[in-house]
Amino acid sequence: MQSFTPKLGLFYDSVNSSHKQVEIVYVSGDRTPEQFAEYYDEMPWLAVPYSESATRNELAQRFRVQGIPSLILINHEGVVKKDACRMDVTNKGPLCLADWDAALNS
């Protein structure tokens with residue numbers, strides 16, 4: 001997971017440099033609040049607070065998170081539009097935004 005975060009951070013900064021195009025919400029799988037604080041300190045995006053374990057568990061179940069890290073594209077209504085976004089970021093970088101836009105508009 002930690003090897004993906006720097007790549008995701010560069011992606012996030014790149015696609016949002018001129019205007020906000022993508023928002024990421026970190027839903028922690030950390031075992032302690034200290035792990036969460038240390039890891040989240042490196043992230044420029046939003047997070048569900050560690051103290052909200054019920055919310056974190058509900059989101060993991062709702063979006064069928066199988067492993068971490070997991071990056072899922074959802075629309076403004078909370079509907080999953082694409083669930084392999086980690087590979088998109090890894091393989092295509094900012095070019096994946098066109099695919100995500102198409103998925104959101106389908």
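Which residue forms a salt bridge with lysine 82? Aspartate 88 does, with the closest N and O atoms 3.2 Å apart.

## Basis of the model

This is a predicted model, in which local features need pLDDT of at least 70 and side-chain atom pairs count only at pLDDT 80 or more, while totals for chains, interfaces and linings use all residues. Residues are numbered from 1 along each chain as its sequence is written, and side-chain values use heavy atoms, with hydrogens and water left out.

## Salt bridges

Three salt bridges are found in a search of the whole structure; the term denotes a side-chain nitrogen of Lys or Arg within 4 Å of a carboxyl oxygen of Asp or Glu.

Lysine 20 is exposed, with a relative accessible area of 51%, whereas glutamate 23 is partly exposed at 39%. A salt bridge also joins lysine 92 and aspartate 99, with an N to O distance of 2.4 Å. Both partners are partly exposed: lysine 92 has a relative accessible area of 39%, and aspartate 99 has 30%.

## Aromatic pairs

The whole structure contains seven aromatic pairs. Rings of Phe, Tyr and Trp (its six-membered ring) are paired if their centres lie within 6.5 Å; planes under 30 degrees apart count as stacked, over 60 as edge-to-face and the rest as tilted. Tyrosine 26 and tyrosine 40 are stacked, with 6.1 Å between centres and 5 degrees between planes. Because tyrosine 26 lies in strand E1 and tyrosine 40 in helix H2 (residues 33-40), this pair ties together parts that are 14 residues apart in sequence. Helices (H or I, at least four residues) and strands (E, at least two) are DSSP runs, numbered from the N terminus. Tyrosine 26 is buried at 8% relative accessibility, while tyrosine 40 is partly exposed at 24%.

Tyrosine 40 also stacks with phenylalanine 36, at 5.5 Å centre to centre and 15 degrees between the planes. These two residues both lie in helix H2, four residues apart, about one turn of the helix. Phenylalanine 36 is buried, with 11% relative accessibility. Ring pairs link Tyr26, Phe36, Tyr39, Tyr40 and Tyr50 into a cluster.

## Charges over rings

A charge sits over a ring if NZ of Lys or CZ of Arg is within 6 Å of the ring centre and within 35 degrees of the ring normal. The charged end of arginine 56 is placed in this way over tyrosine 50, 4.5 Å from the ring centre. Arginine 86 has its charged end over the ring of phenylalanine 4, 5.4 Å from the centre.

## Nonpolar core

The largest nonpolar core has 21 residues, and Leu8, Phe11, Trp45, Leu71, Val89 and Trp100 touch the most other members. Such a core is a set of buried Ala, Val, Leu, Ile, Met, Phe, Trp, Tyr and Cys residues joined through side-chain atoms within 4.5 Å. Helix H1 (4-15), H2, helix H4 (85-92) and helix H5 (96-104) each supply at least two residues of this core. H1 gives the largest share, five residues.

Note on methods
Buried means under 20% relative accessible area, exposed over 50%, partly exposed in between (1.4 Å probe, protein chains only).
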